Structure formats: structure tokens, C-alpha cells
Amino acid sequence: MVSNSAVSRTSSQGYVDDTRNDEVLIYVNGAFFKRDEAKVSVFDAGFVLGDGVWEGLRLVKGRILALDDHMDRLYEGANAIQLDIGMTRQELVAAIQATLDRNGMTDGAHIRLMVTRGRKKTPNQDPRFALGQATIVIIAEYKAPKPESKANGLTLLTSTIRCSGPDVFDLRLNSHSRLNFIQALIQAINAGADEALMLDPHGFVASCNSTNFFIVRKGELWTSTGRFNFKGITRAKTIDLYRKDGGTVREHDFTLAEVYGADEAFVTGTLGGITPVVRVDGRRIGDGKPGPVTAHIADLYARAMLG
């Protein structure tokens with residue numbers, strides 16, 4: 001069993017506790033429930049097999065960041081697994097806004113939007129046993145990244161679990177099935193790290209278990225090819241912003257040896273934005289402190305996305 005004490009450490013998924021979350025109302029299939037009363041069936045495809053897709057969205061100053069990008073990814077993923085969401089994009093966005101309005105949220109919220117194949121006649125893999133209506137859950141909570149994560153940086157451990165290609169498990173689908181990444185994270189936590197760095201099937205660096213990974217070498221930004229990692233929206237924004245700022249970005253294969261020799265490193269994700277990495281596999285990256293290029297990229301992202 002993984003100790004809960006690990007939550008008090010820095011983490012790419014860590015956040016500042018907020019007592020307002022005790023009272024938030026959860027959207028479940030068009031109705032709102034207190035968080036302790038929000039439920040789905042034990043026959044739900046998401047519970048039975050992780051059969052569904054999801055998005056994590058961030059509300060900042062009344063605006064949901066990169067909303068169109070998130071909707072594109074959600075509907076593309078649902079289409080890939082032939083899951084009928086049963087709502088148009090406009091209707092789903094309206095449901096998200098209704099959840100925010102019901103909770104009086106205008107800033108500093110993180111939204112977890114989950115869509116599963118819905119309730120099934122019996123617990124099995126066959127999608128033909130689904131009873132016909134998707135389950136839609138929207139959880140909006142007040143979340144701010146822990147400031148110590150950005151101030152001190154994260155530590156990573158390279159996991160033995162590899163990222164997969166689309167012929168095995170397509171990471172571009174934001175699937176509810178996450179067991180491989182949970183296994184990788186457990187390895188990292190048990191070794192005293194904050195997040196797991198994961199390689200692709202050929203031994204090149206792919207991504208982390210919940211974030212995408214970048215290194216800085218001689219002012220250049222390096223990240224993986226994208227063949228074996230999440231279709232990260234913050235990742236794409238980071239690449240675009242740095243290039244528009246005149247910087248060089250290389251999306252190519254690189255090894256752990258090149259990570260160990262990097263000047264800086266950081267990860268990207270919806271909740272944390274840009275979060276520095278200071279150690280990988282016990283090795284200090286650069287001078288072991290969040291670096292100036294990372295800080296500059298974080299500033300570019302904040303000005304462009306956070307206002």
C-alpha cells in the first residue's frame with residue numbers, strides 16, 4: 001500500500017488544500033449532487049473496465065483555458081472508441097459552465113470531465129452490452145498547484161514501465177484506463193521521487209506518468225517526437241510559445257544520458273502549467289535548481305494563457 005504521507009511531498013499532481021471543495025456540487029448526467037452523494041452504477045463501463053475518455057480543464061479569471069483544444073481531443077477520443085457522448089460540443093460546454101455557475105466559480109478551479117460508455121447489462125468487455133446512454137460526470141474543484149513544486153522543482157525516477165505505441169495502447173486517447181501510469185508512479189513514489197519518467201519501446205525518453213517532459217540544452221528546448229506520449233495541450237502551447245519567442249525546439253529522440261547532461265528540465269500539464277525538474281534518478285540536473293530558461297518559458301506561458 002502506498003503511504004498517504006507521500007501526498008505531502010512535492011508532486012506534479014499536488015495542490016493546495018481548499019476547504020471550499022467540501023461543499024462543491026458534482027454534475028452527474030444532468031443533475032447536481034453533494035460530493036458525498038454523487039454516484040455511478042457498479043455496472044458503469046467506466047467502473048467495470050475504465051471504458052471512457054476524460055479531460056482536465058483549468059478555469060482562470062472566468063475563462064476555461066484552451067477549451068476548443070480540450071473539446072477536440074475529447075470528441076476525437078470518443079469517436080476512436082465509438083463512444084456516443086450523446087451531447088453536442090455546445091451542450092457539453094454549457095454543462096461545464098452550468099457546473100461552474102452552480103458552484104459560484106470564476107477563477108482558480110480545475111475541472112475533471114469524465115465520459116464513459118455508461119451502464120451495462122452485465123460487467124464484461126463487449127460494448128454491445130451497454131444500455132445506450134453515456135455517463136457524464138463533471139467535477140469542478142478549487143485547485144492551485146503547490147508553490148513549493150515550482151520553487152523547489154520535482155524529482156523524477158525512470159520507471160521500468162514503458163510508454164506504448166498506438167498498436168498497443170494509444171496514449172493520444174485520454175482513456176480512463178491508467179493502470180500502467182499508476183504502476184510507474186508507484187515505482188517513483190516508493191523510491192522517494194515525485195513523478196515517473198517513462199521511456200518508449202526503443203529506450204528513448206517519452207514522457208512522465210501524468211505530464212510531458214522537456215529538457216534544455218544550450219538554450220534549445222528538447223522534447224520527444226510525440227509518437228509515444230500524451231497529446232498534451234500544454235505541451236503543444238509550450239512548443240509554440242517558445243518558437244514564436246525565437247527559441248529552437250527539437251522534437252526528436254534523445255536518451256537518458258542526454259537528460260543527465262541537460263542544463264535544465266521541466267514538465268508540462270494542465271494543472272501545474274510549467275513545473276521545473278531538478279533531479280532525475282538521483283542525479284542533479286544542471287545546478288540542481290529551477291533554471292532561467294524554464295522560468296522564461298513559464299513566464300511566456302503565464303502571459304499568454306493566464307492573462
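Burial, exposure and pairing in a predicted model

Analyst: Strand β8, residues 195–199, is mostly covered, with five of its five residues buried. The model is a predicted one.

User: Which residues of β8 point one way and which the other way?

Analyst: E195, L197 and L199 point one way from β8, while A196 and M198 point the other way. Residues on both sides are buried.

User: What makes β7 and β8 a pair?

Analyst: Two strands pair if there are at least two bridges between them. Strand β7, residues 154–158, has three bridges with β8, so the two count as paired. The sense is parallel. In this pairing L156 stands opposite E195 of β8.

User: Why is E23 called exposed?

Analyst: Exposed means over 50% relative accessible area. E23 has 64%, so E23 is exposed. E23 lies in the segment before β1, which spans 25–28.

User: Which residues form a negative surface patch with E23?

Analyst: The patch is formed by E23 together with D22, D36 and E37. Asp and Glu count as negative, so the patch is called negative.

User: What makes β1 and β2 a pair?

Analyst: The cut-off is at least two bridges. Four bridges join β1 to β2, residues 31–34, so they pair, and they run antiparallel.

User: What do β1 and β2 form, and how many residues are between them?

Analyst: They form a hairpin with two residues between the strands. In the turn, N29 has a positive phi of about 50 degrees.

User: Why is β1 also said to pair with β6?

Analyst: β1 and β6, residues 135–142, share two bridges, and at least two are needed, so this counts as a pair. The sense is antiparallel. Here V28 stands opposite V137 of β6.

User: Why is D69 called partly exposed?

Analyst: Buried is under 20% and exposed is over 50%, with partly exposed in between. D69 has a relative accessible area of 30%, so D69 is partly exposed. D69 lies in helix α2, residues 67–80.

User: What separates the C-alpha atoms of D69 and G286?

Analyst: The separation is 34 Å, and the two residues are 217 residues apart along the chain.

Terms used. Residues are numbered from 1 along each chain as its sequence is written. This is a predicted model: local features need pLDDT of at least 70, side-chain atom pairs count only at pLDDT 80 or more; totals for chains, interfaces and linings use all residues. Side-chain values use heavy atoms; hydrogens and water are left out. Patches are made of residues with over 30% relative accessible area and no salt bridge: like charges are joined within 9 Å, nonpolar side chains (Val, Leu, Ile, Met, Phe, Trp, Tyr) within 5 Å. Accessible areas come from the Shrake-Rupley method with a 1.4 Å probe; for residues, only the protein chains shown count as cover. A salt bridge is a side-chain nitrogen of Lys or Arg within 4 Å of a carboxyl oxygen of Asp or Glu. The place of a charge is taken as NZ of Lys, CZ of Arg, CG of Asp or CD of Glu. Buried means under 20% relative accessible area, exposed over 50%, partly exposed in between (1.4 Å probe, protein chains only).
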